Amino acid sequence: MSKHHISTTINGEPVEFLCDTAQTLLDVLRDELGLTGSKEGCGSGDCGACSVRVEGRLVCACLVLAAEVDGCEVETIEGVAQGNVLHPLQQVFLDEAALQCGICTPGIIVAAKALLEKNLDPTEEEIRFWLAGNLCRCTGYDKIVRAVQKAASVMRSA
Amino acid sequence: MLTYNKPTTVDEAIVLLQQPQPAARVLAGGTDLLVQLRSGRLAAQGLVDLKRIPELRALRAEQGGFRIGAAVSGAELGEHAALKAMWPGVVEAANLIGSTQIQGRASLGGNLCNASPAADSVPALIAAGARCTIAGPSGRREVPVETVVTGPGKTSLAPGEFVVDFLLPAQAPRGGDAYLRFIPRTEMDIAVVGVSVNLTLDDAGLCTAARLAVGAVAPTARLVEAAGTSLVGTAVDEAALAAMMAAVRAACAPINDKRGTIEFRTHVAGVLAGRAARIALDRARMRT
């Protein structure tokens, strides 16, 4: 069977690629398009390391077939910074050292950005529930939650 | 080689699901299906993605209630203020499935047809009296949700059939529903016990109708008619709740595993039924 020809928009840029049905969006992002910021942790939608947005919706790229995103807008961690200017979440995560090994960080930034676009003043509980599908085995989460709160405050006063 | 098709009409999907025989599978949110395919638990020769069919993505008011496309995501349900106001228990149950990321894709149709005994939205849909439209090679039929799942991983859908949408009826003017589940964590887990209660009061505050459904305590979610009957005609007082909880426990036939023994699951089903009934009662009173 021939491959699927997919036309999509990734981080605002039109992108076309060929894929097999069995390839996930994560496979294509990483292996075909060189967008390796999204990580593969579990491959079963449990860890959130591959969090991306499709049509604005936060999803696990490992649980989306690449063929499904034909005609869709996709946003990955690579589209979060504006050129050389980091997003407030990225800057605060660096300033506050809200990461250790860093594998979960791209997914957490993408997920937290989606939260802050809905709610620029989330409570600690709202942040913890929203990020419950983003596992971090290093930090114990406290620094992550505080960094999201601080980024929200930076964005509110911007 | 795995085929992938994305039909834009129900009729086109019905044709595609019959070829290649026999193993084309329906793809909605994929949060169960893609995991099963990857693990090798499920073999499929083709995938038919239903998300480009407008009917399966629509969520609209109808007959005083709501018609919800089978592929509408949990996130979309949670953002629908009017649906949440009328059927809070159904929306809460659907929103308990997985993480924020899973909610971006997971659907009521998928939660039902994956046929897990522990599916959160299914007891809530049953208690609400929801019906679903099933389309297939021999046309369309409408059935109560409780008739779809026949056992773990098994449904009453014939080959080539799929769920198009759900019809949630109008909630009674003094009606309320609630869903509670037990999990050993606070998030991201699968129900050890789930209970949904939907009840209606008259002007004097007496219960005129009640539907209770349990999940994860039998091979399928179950409507417990005796539990509903035990509340009807009462003020949903302690005695009535005790009788209802006993009826719920009598309907349990759970598995025994490390997540919950038979005794534990049975006991907790009664406890959650009592708590959910109190929440449903408060909601019914607040609607007046």
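From the N terminus on, chain A runs β-β-α-β-β-β-α-α-α-α, a total of 5 helices and 5 strands. Helices (H or I, at least four residues) and strands (E, at least two) are DSSP runs, numbered from the N terminus. The model is predicted: local features need pLDDT of at least 70, side-chain atom pairs count only at pLDDT 80 or more, and totals for chains, interfaces and linings use all residues. Residues are numbered from 1 along each chain as its sequence is written, while chains are lettered from A and ligands numbered from 1 in the order in which they are written.

**Chain A as a whole**

- Along the principal axes, the C-alpha atoms of chain A fill a box of roughly 50 × 30 × 25 Å.
- Buried residues make up 42% of the 158 in chain A, where buried requires 20 or more other C-beta atoms, placed from the backbone, within 10 Å of the residue's own.
- Among contacts in chain A with a separation of 6 or more, 60% come from residues 24 or more positions apart; a contact requires C-beta atoms, placed from the backbone, within 7 Å.

**Where the chains meet**

- In chain B, 21 residues are in contact with 23 residues of chain A.
- Strand E1 (3–5), helix H2 (33–39), strand E3 (46–49) and helix H7 (100–103) of chain B each give two or more residues to the side that touches chain A.

- Leaving aside residues up to four places away in sequence, Val248(B) touches several residues, including Val195(B), Leu212(B), Ala269(B) and Ala273(B).

**Paired strands in chain B**

- Strands E6 (residues 131–136) and E7 (residues 139–144) of chain B run antiparallel and are joined by 6 bridges; two strands pair if DSSP finds at least two bridges between them.
- E6(B) and E7(B) form a hairpin with 2 residues between them, and Ala135(B) has Arg140(B) in E7(B) as its bridge partner.
- E6(B) also pairs in the antiparallel sense with strand E10 (residues 162–168) of chain B, over 5 bridges, with Cys132(B) opposite Phe166(B) in E10(B).

Key. Two residues are in contact if their C-beta atoms, placed from the backbone, lie within 7 Å. A residue is buried if 20 or more other C-beta atoms lie within 10 Å of its own, exposed if 12 or fewer, and partly exposed in between; C-beta atoms are placed from the backbone.
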